[in-house]
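Below are my comments on the model, as numbered points. Please read them beside the coordinates.

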Amino acid sequence: MNIIEVHQLSKTFDLHILHDKQITALQHIDMTIREGEIIGLTGRSGSGKSSLMKCLYRTYLATTGEIRYASASGVIDLVKADDHAIIALRRQEMRYCSQFLSVIPRVPAVDVVAEPLLRTEKNKEEARARARTLLEMLGLPSGLWDAYPVTFSGGEQQRVNVARAIIAKPRLLLIDEPTASLDVRTKDVVIGLIRDLKQHGTSVLCISHDEYTLSTLADRRLHLQAGRITPTVTEII
Ligand SMILES: Nc1ncnc2c1ncn2[C@@H]1O[C@H](COP(=O)(O)OP(=O)(O)OP(=O)(O)O)[C@@H](O)[C@H]1O
């Protein structure tokens, strides 16, 4: 069964400060994601990968088209759904993990990671224990677990970000460059954790430029070129 069906999705930005110049980021996108499928999303810089992901997460509102999402409680069009429905989906079943951690001031790493569980789970200590397990698997030194991620290195922040994205086992995970700036061992851990999610039924759309990650993780690839999905990869990425 498809968890996502995208029909004729386009996204155009109107740049008011540039005298209403228009930038077309996505054009007539048709795509599907099956339950438990991992899709690798590739394409050159500026080809529209992040815009597509943000349209699926509704950070960006698509200009035209339809995104049918088979939620746990029925099919919903993510383009037309009201904001309350989108917020509920984000809390319960969809997660977007950008390349960069948006750091929450004065919240220790373990709570940043556990936060998606802390909202719902009664047993807060169990949620924190799960967060510590993930941080340990990802090789974040234990001395940093209670520190604030604002001062962490890029790779350390990325581990926190990935752990936070997967801790609540979302139904749909949109993840941008999860293995960039990680060493090979940690890369393998991230790949293993995302594969575990797939076993649990999670569908994943993963932007990556890393051939190792794509070849070991993705069931299928979609390639974007100037805002369109191309049937085959025709350019060097
Ligand atoms: N908020 C925005 N306002 C205006 N233009 C935007 C906005 N977001 C993206 N764009 C434009 O849309 C096009 C696609 O950008 P997008 O970030 O989706 O590409 P990308 O493939 O993710 O690139 P990268 O690999 O460099 O992250 C670019 O021309 C970009 O300038």
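**Notes on the model**

1. The residues surrounding the ligand are F13, I23, A25, G43, S45, G46, S47, G48, K49, S50 and S51, where near means a C-beta atom, placed from the backbone, within 6 Å of the molecule. By class the shell has 3 nonpolar, 7 polar and 1 charged residues; Ala, Val, Leu, Ile, Met, Phe, Trp, Tyr, Cys and Pro count as nonpolar, Asp, Glu, Lys and Arg as charged, and the others, Gly among them, as polar.

2. Some conventions before going further. This is a predicted model, in which local features need pLDDT of at least 70 and side-chain atom pairs count only at pLDDT 80 or more, while totals for chains, interfaces and linings use all residues. Residues are numbered from 1 along each chain as its sequence is written. Helices (H or I, at least four residues) and strands (E, at least two) are DSSP runs, numbered from the N terminus.

3. Helix α6 (residues 184-199) has 16 residues and spans 23 Å from first C-alpha to last, close to the expected 22 Å at 1.5 Å a residue; the expectation is 1.5 Å times one less than the number of residues. Its buried residues include V190, I191, I194 and L197, buried meaning 20 or more other C-beta atoms within 10 Å of the residue's own, exposed 12 or fewer, and partly exposed in between, with C-beta atoms placed from the backbone. These four lie on the same side of α6 because they cover an arc of only 115 degrees around the axis, the arc being that of the directions from the helix axis to the C-beta atoms. An α-helix has 3.6 residues a turn, so residues three or four places apart point the same way.

4. What lies on and over the two sides of α6? The face turned away from the buried side carries the exposed residues V184, R185, G192, D196 and Q199. Cover for the buried residues includes β3 (38-43), α5 (154-166), β7 (172-176), β8 (203-207) and α7; contact here means C-beta atoms, placed from the backbone, within 7 Å. After α6 comes G201, with a positive phi near 110 degrees.

5. Strand β7 is mostly covered, with 5 of its 5 residues buried. L172, L174 and D176 point one way, L173 and I175 the other. In a regular strand the side chains alternate between the two faces of the sheet. On pairing (at least two DSSP bridges between two strands), β7 runs parallel to strand β6 (residues 94-97) over 4 bridges and parallel to β8 over 5 bridges.

6. Strand β1 (residues 2-15) pairs antiparallel with β2 over 10 bridges, and I4 stands opposite I33 in β2. The two strands form a hairpin with 5 residues between them, and H19 in the turn has a positive phi of about 55 degrees. β1 also pairs antiparallel with strand β4 (residues 64-71) over 5 bridges, where E5 stands opposite R68.

7. G65, in β4, counts as partly exposed because it has 19 C-beta neighbours inside 10 Å. Its C-alpha is 4.1 Å from that of L9, 56 residues away along the chain. Beyond four places in sequence, G65 touches V6, H7, Q8, L9, S10 and V79.

8. L214 belongs to helix α7 (residues 211-217) and is partly exposed, with 18 C-beta neighbours inside 10 Å. The C-alpha atoms of L214 and G40 are 6.0 Å apart, although 174 residues separate the two along the chain. Outside four places in sequence, L214 is in contact with G40, T42, S208 and R221.

9. Two backbone angles deserve a look. Most residues other than glycine have a negative phi. H28, in strand β2, has a positive phi near 50 degrees and is partly exposed, with 13 C-beta neighbours inside 10 Å. A226 has a positive phi of about 45 degrees; A226 sits in the loop between β9 (220-225) and β10 (228-230) and is partly exposed, with 14 other C-beta atoms within 10 Å.

Methods:
Contact = placed C-beta atoms within 7 Å.
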